[in-house]
Protein chains: 2
Amino acid sequence: MSRPEPPSRFRAVKAEILRRVRARDWAPGDLLPAETELAAEFGCARATVNRAMRELAEAGVLDRKRRAGTRVSTAPVRPARFDIPQTRAEVEQTGATYAYRLLRREEVVAPDWLARLWALPETAAVAHVEALHLADGRPWQFEDRWINLAVVPAASEEDFKTVGPNEWLIAALPFSEAEMVFSAASADAALAHALGLAGGDPIFRAERTTWLEGQPVTYARLSYPSTYRMTTRL
Amino acid sequence: MSRPEPPSRFRAVKAEILRRVRARDWAPGDLLPAETELAAEFGCARATVNRAMRELAEAGVLDRKRRAGTRVSTAPVRPARFDIPQTRAEVEQTGATYAYRLLRREEVVAPDWLARLWALPETAAVAHVEALHLADGRPWQFEDRWINLAVVPAASEEDFKTVGPNEWLIAALPFSEAEMVFSAASADAALAHALGLAGGDPIFRAERTTWLEGQPVTYARLSYPSTYRMTTRL
DNA sequence: GCCTCCGATATGTCTAGACATATTAATCAT
DNA sequence: ATGATTAATATGTCTAGACATATCGGAGGC
C-alpha cells in the first residue's frame, strides 16, 4: 500500500497539529496561532510550519486565508484520493492472468448523444471499439470506447486486435485531462451476454471523458460485474 | 468548482514541465534534467523547481528517487481526487430540500460479521441505526450504521431522531481515518421498499469504515438508487 | 567472475530572511 | 451614519545556502 513516510520536522509538526485538532484543543471553527507563533513554539523556521499547515489544508483539515489566519475546517468535505489503474495492471495485481478480446471495431459518424456531449459538428468521424478484459478467463470489464478521430487520427491506423484502446490511448496521449463518473446500472441483454451475467444483474459503471487542451479525445463506458470493488482511504 | 490558482513562479515552472511532458520532449521513462539544471534554465531557486516537481510527482506525472533523478512516470496509475461530502450538504447543493427519517435504533451485541471485521470480543455492544435521507421528499440514501459503543459511549445518549448518525459522528469525532469501498449491488426487498424501488433494482453502494487511533469507530453501508452519480476530475 | 566498500550525486529537508498580496480593522471625510 | 482610504497583519511565495540521505557506479580485494 503506502510506504511509511520518512521522519522529518514538518511531518512531526503536521502530526502534532492534527493531534491537537483531534483532541479538540482546537475545535472546528477555531482560529489557530499564526505560523510565526507556532514556529517559535516548535523551534523551527516558519517555512516548516507553513508546509505542515499547507498539507493539512490540502487534506481538508484546515482552512487558510491570507490575513484572516488559519482555522480548523468546519466544511465537512473531505477530499479522498484513489488510484485509477490501467485495467491490465489492475488484473495482474490480483495475481490473475490478464487477457483481452476485441469484440467490435468500426468507424462511424458520431451518434447524436456523443456529438452533443462533445459539441461536435454533425459529420464528425469517430472510432467505436467494444472490447472485453478478462481475469483468468473470466470477464472483468466490458469497454465501450469512442475516439474522436479529428483529435487522434492515428487511431485509424490501429486495429486494436491485441492492444486495448485504453492502453493504446494512454501510450499515445499520456497525462491528458479526464473526468470520471461512477454509478450503478443493470445489465441489458448484450452486456449480460458479454460479461457472462443474467439480464438485469447489477453493474458497476465508470464513465471516463478525456480532453487534450480543451478538445475531447475519447469517451469510455466501462462496465464491471458487481463483484468489482473500488477502494480508497482518507 | 475549483477557483483559478494565482500566478506564481513555481506554477509556471510546473506548467512548463507538464507541457514538455505532454509534447513528448520528455517521453515516459525519460530522465529529466536535475533540479539545479532546471533552476539555472528557468532562472529561479532550486526550491522553486523542487516544489513544481514535487507536485507533479504527487499528481502521478513524475517519478522521483534520490540520486537516481526524476523520470516521466511510466506507471499508469493516476491518483484521482474527489470530495466526500456530508449527505445533507450534498443534497442541498443540488438545490433540493433535505430531510432525514430514522427507521430503527437499537443497541445489540455485535453480530458475527461485524465482530470479525473489527476483531472485537464476542460480547461487544454496538448501536445499530437505520435511517433514510431524502431530497425533495424522494429517497436519496439509505444508511445502515453500526457504532462501536466501546469507543463512542456517548452514542448511547443520542436517539438520532433529528440528527443523522453520520452528521453526529462527524461532529463528535472529526478528522478520523476512514476507508471507503464502492460497489454495485441489487436491492433486496427491504432496501427496495425503503428506497421506493422494485426488488432487484441496481444500487450504488458505499461502505465506510472509520477508525480513531487504530480503534474501529463505525461501519456504515450507504445505498443509493442507481440515479446517483459520483464524479471526479483528474 | 563476484563481492564489498566507498565516493559522487540528485533529491529531501531545513533555515533565515525578504517581498508580495489579500483582507481586516481602523481612520477619516462626507 | 456612511462610504472611502489607509495601515496592519497573516499567509503565499521566493531566494541562497546548508546539511541529510538514499543509491548508483566504480575501485579494489577475493
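Guide: Let us start where two chains meet, keeping in mind that this is a predicted model. Arg233(A) has Glu179(B) as its bridge partner in β7(B). That bridge belongs to an antiparallel pairing of strand β10 (residues 230–233) of chain A with β7(B), which runs over four bridges.

Visitor: How many residues does the contact take from chain B and from chain A?

Guide: As a general idea, the size of an interface is often given as the accessible area lost when the parts come together. Here we can go by residues: the contact takes 40 residues from chain A and 40 residues from chain B. On the side of chain B that touches chain A, the elements giving two or more residues are α1, β3 (78–84), β7, β8 and β10 (230–233) of chain B. Of these, β7(B) gives the most, with nine residues. By class, this side of chain B has 26 nonpolar, seven polar and seven charged residues.

Visitor: In which sense do β7 and β8 of chain B pair, parallel or antiparallel?

Guide: In a regular strand the side chains alternate between the two faces of the sheet. In this model, strand β7 (residues 177–186) and strand β8 (residues 202–212) of chain B pair in the antiparallel sense over 10 bridges, and one landmark is Ala178(B), whose bridge partner in β8(B) is Thr210(B).

Visitor: How many residues lie between β8(B) and β9(B) in their hairpin?

Guide: There are two residues between β8(B) and β9(B), and Glu213(B), in the turn, has a positive phi of about 50°.

Visitor: At what angle do the axes of α1(B) and α3(B) cross?

Guide: Two packed helices are described by the angle between their axes and the distance between the axes. The axes of α1(B) and α3(B) cross at roughly 55° and come within 8 Å, which means that α1(B) is oblique to α3(B). The crossing, as α1(B) passes α3(B), is right-handed. From α1(B), the residues Arg9(B), Phe10(B), Val13(B), Lys14(B), Ile17(B) and Leu18(B) meet a set in α3(B) that includes Thr48(B), Val49(B), Ala52(B) and Met53(B). By class, the residues of this contact divide into eight nonpolar, one polar and four charged.

Visitor: How do α1(A) and α3(A) pack, by angle and by distance between their axes?

Guide: In chain A, α1(A) and α3(A) pack with their axes 8 Å apart and at an angle of about 55°, so α1(A) is oblique to α3(A). Their crossing is right-handed. Among the residues of α1(A) that meet α3(A) are Arg9(A) and Phe10(A), and the α3(A) residues in this contact include Arg51(A), Glu55(A) and Leu56(A). The contact has eight nonpolar, one polar and four charged residues.

Visitor: Is α2(A) oblique or roughly perpendicular to α3(A)?

Guide: Helix α2 (residues 35–42) of chain A packs against α3(A) at an angle of about 110°, with the axes 8 Å apart. That angle is why α2(A) counts as roughly perpendicular to α3(A). The crossing in which α2(A) passes α3(A) is right-handed. Glu35(A), Thr36(A), Leu38(A), Ala39(A) and Phe42(A) of α2(A) meet Arg46(A), Thr48(A), Val49(A), Asn50(A) and Met53(A) of α3(A), and by class this contact has five nonpolar, three polar and two charged residues.

Visitor: Turning to the DNA, which residues are closest to DNA strand C?

Guide: Of the 23 residues that surround DNA strand C, the closest are Arg9(A), Cys44(A), Ala45(A), Arg67(A) and Ala34(B). The elements that give two or more residues to this surface are α1 (9–22) and α3 (46–58) of chain A, together with α3 (46–58) and β2 (69–72) of chain B. The largest share, three residues, comes from α3(B). By class, the surface near DNA strand C has nine nonpolar, five polar and nine charged residues.

Visitor: And which residues come nearest to DNA strand D?

Guide: Around DNA strand D there are 23 residues, of which Ala34(A), Arg9(B), Phe10(B), Cys44(B) and Ala45(B) come nearest.

Key: Residues numbered from 1 in each chain as written. Chains lettered and ligands numbered in written order. Predicted model: local features only at pLDDT ≥ 70, side-chain atom pairs only at ≥ 80, totals over all residues. Near = placed C-beta within 6 Å. Nonpolar A, V, L, I, M, F, W, Y, C, P; charged D, E, K, R; others polar. Pairing = 2+ DSSP bridges. Axes fitted to C-alpha atoms, helices over the stretch in contact; angles between N-to-C directions. Parallel < 35°, antiparallel > 145°, perpendicular 65-115°, else oblique. Left-handed = near helix turned anticlockwise from the far one by under 90°. Contact = placed C-beta atoms within 7 Å.
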